[in-house]
Amino acid sequence: MALLIFPSAAISGLPLPLSALFVLFLFVTVILLATYLYTTLRYRLSLRRYTLGPARPTTASPPPQIPYTIPFIGNAYSLLISPPGVFWKQLFRWHPRATGACTLLLGGRPTHFIYSPHAVQALLKARGPTRDSLNLDVAQKGLGIASRDVQTYYGFGEPADPATGLTPTQQQEKMNHDFLLRGERVNELTAEFTRALAELVAAEPCCDQDVGLCAWLARGMFRASTEAVMGRAILDVVEGLVDDFWEFDRGFMNMLYDLPSWFMPKSYQARAKILDGMEKWHAMLQEKSNDRPDPEGGVGWDPLFGSRANRAKHRYFEARGLSLRARAGLDLGFIFGLSSNAIPATGWMLMHILNPEGDKTLLRRVMEEVETAKREDGTVDIPTLISLPLLQSVFHEVLRLYVDVWVTRELKDDLILPLDDEKKQVFLKKNGIVVAPSSLGHRDEARWLNPPSEAFYAERFLRTHPETGKAVFSLDGTTGKFYPFGGGKSICPGRVFAKQEVLGSVAMMLLAFEFDVVGFVDEQGRSKKHFPTLRNTFSGSGVMPTDGDIRVKMRRRDTKA
Ligand code: HEM
């Protein structure tokens, strides 16, 4: 006690630097302790008000703010260093999940996290909240685009263009709608993708191969989807794009969280190299295309620009007068959207279908379904494929288990969201940030039962049709608890293509090759006993990467004697 009241007396015998250190230590301890006590008291009071307040619409209260110890940094440290899911598991041991929402202090900014399905559903439907601030962060920190170029690209707050009657944001939404979401355009993209993938599959050596399945797949799918969407030239001009992309992808969240480059030097180097290469590619595009690329022209795909979606994007870049460096960064962002989710999702799907520790009948049942989509010429009929019940269920189960996305919105106005019992509401003040972490809905133990939420269950999204008795795919009852593609006006514009790309790839692989599983390996290729799980990395970015791979011997089906 005397030590606390008269520290100088207690340390009078110590040399000066040690005394100074001791005082500093004491000072820091007092600050941390005081912060913890203050935030805990505030939490207790706000929780009481929040849970005991009268259940009338006029009484919406702000979410309880979770205590923390370090001022400014707040809860960021424990949230970010915990392996995926662990922070929430520990939090819900003492903070009632029934609150449906809570506030965390992340680097000085109070951020509201919501996990009540009603609240999530209402947030996604609300027209006011936007993704603007996240988009700015992604562009500047993640993609390395200069702030003024980002402003030029997004043009937030600019009036509508007199020629089109659309603001820049509306022009981007229209582009996504016209070239990524319209049925015929998606079909064109898928046709190009499957053509490119089939060429790569045909070029694979036919002899017995022993490969890491996901690593092998990631290279092939990346080439095929990049070629289909961005054209062939980019793969020739940007040297080492495939390997550099995955190195960049590994460090992307570090960049978004502003961690210094020495923390992940290889990822920063890979990004710089890609951007240099893509700048060259853009210079070449400008040189070779005197006319502005025409997205509506007769040709669906050309080797220089690739898809209509890419031509439309380049036309927009031109119209906004963007620098080549900015175009390179924005295209890297597009390739990130294109590849960083769909490719790992395909890997997880194939690994589960082939898993020798899993359901031994799954591969046979999936093959029986996939065979029904095989055309006489050996190609796959995509409309048939994407309506197969078991295959769709496996795809959605993979998205449920492995998508960990923070659907993030910025509030331009105050927002009141309903909580689960519908009598209570939560109040969120304008200018705040709201996050709906998908993993809290996707892995909610109370929602996903038999088998429990942590388990992979291929049939999870199948129901028995009451009249035919057949298994049908269904997403009934999942609103606000399952949102792998986000929702509302910012919902993923690539979702239709993603489903065709993933299911198309799974089917093409299974129809082309027989796989014998040799064993499991970790990321360094060392053998490990069990099926791979989530890599211990930052959560929140989309489909989580695996911490290993499944080693397989591949044999081409058509060359089997
Ligand atoms: C399994 C695959 C995929 C998953 C799980 C996924 C998930 C998501 C999510 C959660 C968002 C944020 C939505 C929101 O805030 O509400 C998003 C945005 C986006 N996705 Fe995807 N995505 C996938 C595939 C794709 C593909 C293949 C493309 C490109 C063809 C793509 C392009 C984009 C773009 C451009 C955005 C940003 C939209 C904006 O800023 O408004 N995604 N995606």
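Two residues count as in contact here if their C-beta atoms, placed from the backbone, lie within 7 Å. Keep that in mind for what follows, and also that this is a predicted model.

**A loop residue to start with**

Let's begin with D413, which sits in the loop between β4 (403–410) and β5 (415–418). Which residues does D413 touch, leaving aside those up to four places away in sequence? The partners are G128 and K430. Is D413 buried or exposed? D413 has 11 C-beta neighbours inside 10 Å, so it counts as exposed.

**Two domains**

Stepping back, the protein chain splits into domain 1, covering 2–114, and domain 2, covering 135–559. Taken over C-alpha atoms, the centres of the two domains are 37 Å apart. Where they meet, 19 residues of domain 1 are in contact with 27 residues of domain 2. On the domain 1 side, strand β2 (residues 109–114) gives the most, with 6 residues. By class, that side of domain 1 has 13 nonpolar residues, 5 polar ones and 1 charged one.

**An enclosed helix**

Next comes helix α6, residues 117–125. How many of its 9 residues are buried? The count is 7, so α6 is largely enclosed by the rest of the structure. The buried ones are P117, H118, A119, V120, A122, L123 and L124.

Two packed helices are described by the angle between their axes and the distance between the axes.

| Helix pair | Axis distance | Crossing angle |
|---|---|---|
| α7 (132–142) and α8 (147–154) | within 9 Å | roughly 135° |
| α9 (168–181) and α15 (308–320) | within 9 Å | roughly 160° |
| α17 (342–354) and α20 (389–402) | 9 Å | about 115° |

Take α7 and α8, whose axes cross at roughly 135°. That angle makes α7 oblique to α8. The crossing is right-handed. On the α7 side, the residues that meet α8 are N135, L136, A139 and Q140, and they face S147, V150 and Y154 in α8. Sorted by class, this contact has 4 nonpolar residues, 3 polar ones and no charged ones.

Now for α9 and α15, with their angle of roughly 160°. How does α9 run relative to α15, roughly parallel or roughly antiparallel? The angle makes α9 roughly antiparallel to α15. The crossing of α9 past α15 is right-handed. Helix α9 brings Q171, M175, F179 and L180 to the contact, while α15 brings R308, A309, A312, K313 and Y316. By class, there are 6 nonpolar, 1 polar and 2 charged residues in the contact of α9 with α15.

What does each helix bring to the contact? From α17 come A345, W348, M349, H352 and I353, and from α20 come V394, F395, V398, L399 and Y402. The contact of α17 with α20 divides into 9 nonpolar residues, 1 polar residue and no charged ones.

Most residues other than glycine have a negative phi, and most peptide bonds are trans. A few spots in this model go the other way.

One is F72, which has a positive phi of about 65° although it is not a glycine. You'll find F72 in the loop between α3 (16–52) and α4 (76–81). With 12 C-beta neighbours inside 10 Å, F72 counts as exposed.

Another is N450, in the loop between α21 and β8. Its phi is near 45°, a positive value in a residue other than glycine. N450 has 7 C-beta neighbours inside 10 Å, so it counts as exposed.

What kind of peptide bond joins N450 and P451? The bond is cis, with an omega of about -5°. P451 is placed in the loop between α21 (438–442) and β8 (462–464).

Key: Residues are numbered from 1 along each chain as its sequence is written. This is a predicted model: local features need pLDDT of at least 70, side-chain atom pairs count only at pLDDT 80 or more; totals for chains, interfaces and linings use all residues. Domain bounds come from an automatic or database domain assignment. Helices (H or I, at least four residues) and strands (E, at least two) are DSSP runs, numbered from the N terminus. Ala, Val, Leu, Ile, Met, Phe, Trp, Tyr, Cys and Pro count as nonpolar, Asp, Glu, Lys and Arg as charged, and the others, Gly among them, as polar. A residue is buried if 20 or more other C-beta atoms lie within 10 Å of its own, exposed if 12 or fewer, and partly exposed in between; C-beta atoms are placed from the backbone. Axes are lines fitted to C-alpha atoms, for helices over the stretch in contact, and angles run from 0 to 180 degrees between N-to-C directions. Angles under 35 degrees count as roughly parallel, over 145 as roughly antiparallel, 65 to 115 as roughly perpendicular and the rest as oblique. A crossing is left-handed if the near helix is turned anticlockwise from the far one by less than a right angle, and right-handed if clockwise.
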